[in-house]
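Reader: I'm new to reading protein models. Could you walk me through this one, step by step?

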Amino acid sequence: MDFLNWPTTFLNNYLSPLWQIIIIWILMIALLRAGKFGSIFRVYNTLFHELGHGLMSLVTSGSVHKIELFSNAGGVAITSNKTWISKFLVSIAGYPFSSV
């Protein structure tokens, strides 16, 4: 067993994909809730989330008026688009973009 690849080997050999997903989610939640370190990750996650809305608005020929980040790790992206499909795509673009 290669020393650097032991986590991957362990996960693939001993745990089902469902348990792998559960463990990864638990680790992500613990990391995001870990004091100052976690708040930094939450702010960056919010930044990428709002940038996802803004970029999708630009891709669908819309415009970005303002992106704001708040001290509580929240944020808002104010955009405008003309068609309902572009508005829909902009509204759902934040989550996939922040998870990449």
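Author: Happy to! Two strands count as a pair if DSSP finds at least two bridges between them. Keep in mind that this is a predicted model.

Reader: How many bridges join strand 1 to strand 2?

Author: Strand 1 covers residues 63-69 and strand 2 covers residues 75-80.

Reader: Which residue takes a positive phi in the hairpin of strand 1 and strand 2?

Author: Look at the stretch linking the two strands, where the hairpin has 5 residues.

Reader: Is L15 buried or partly exposed?

Author: L15 is found in the loop between helix 1 (6-14) and helix 2 (17-32). Leaving out residues up to four places away in sequence, L15 touches F10, Q20 and I23. Buried means under 20% relative accessible area, and exposed means over 50%. L15 has 23% relative accessibility, so it counts as partly exposed.

Reader: Which helix gives the most to the lining of the largest pocket?

Author: The pocket holds about 630 Å³ of space. Helix 2, helix 3 (35-59) and helix 5 (94-99) each supply at least two lining residues. With 7 residues, the top contributor is helix 3.

Reader: How many residues of that lining are nonpolar?

Author: The lining has 19 residues, with M28, L32, F41, N45 and S98 nearest the centre of the pocket. Of the lining residues, 5 are polar and 2 are charged. The nonpolar count is 12.

How values were computed. Residues are numbered from 1 along each chain as its sequence is written. This is a predicted model: local features need pLDDT of at least 70, side-chain atom pairs count only at pLDDT 80 or more; totals for chains, interfaces and linings use all residues. Side-chain values use heavy atoms; hydrogens and water are left out. Helices (H or I, at least four residues) and strands (E, at least two) are DSSP runs, numbered from the N terminus. Buried means under 20% relative accessible area, exposed over 50%, partly exposed in between (1.4 Å probe, protein chains only). Contact means heavy atoms within 4.5 Å. On a 1 Å grid over the protein atoms alone, a cavity is a set of points where a 1.4 Å probe fits but cannot get out, and a pocket is an open set with protein on both sides within 12 Å along at least five of seven lines; lining residues have an atom within 4 Å of a point. Grid points are joined across faces, edges and corners, and a volume is the space filled by probe spheres set on the points. Ala, Val, Leu, Ile, Met, Phe, Trp, Tyr, Cys and Pro count as nonpolar, Asp, Glu, Lys and Arg as charged, and the others, Gly among them, as polar.
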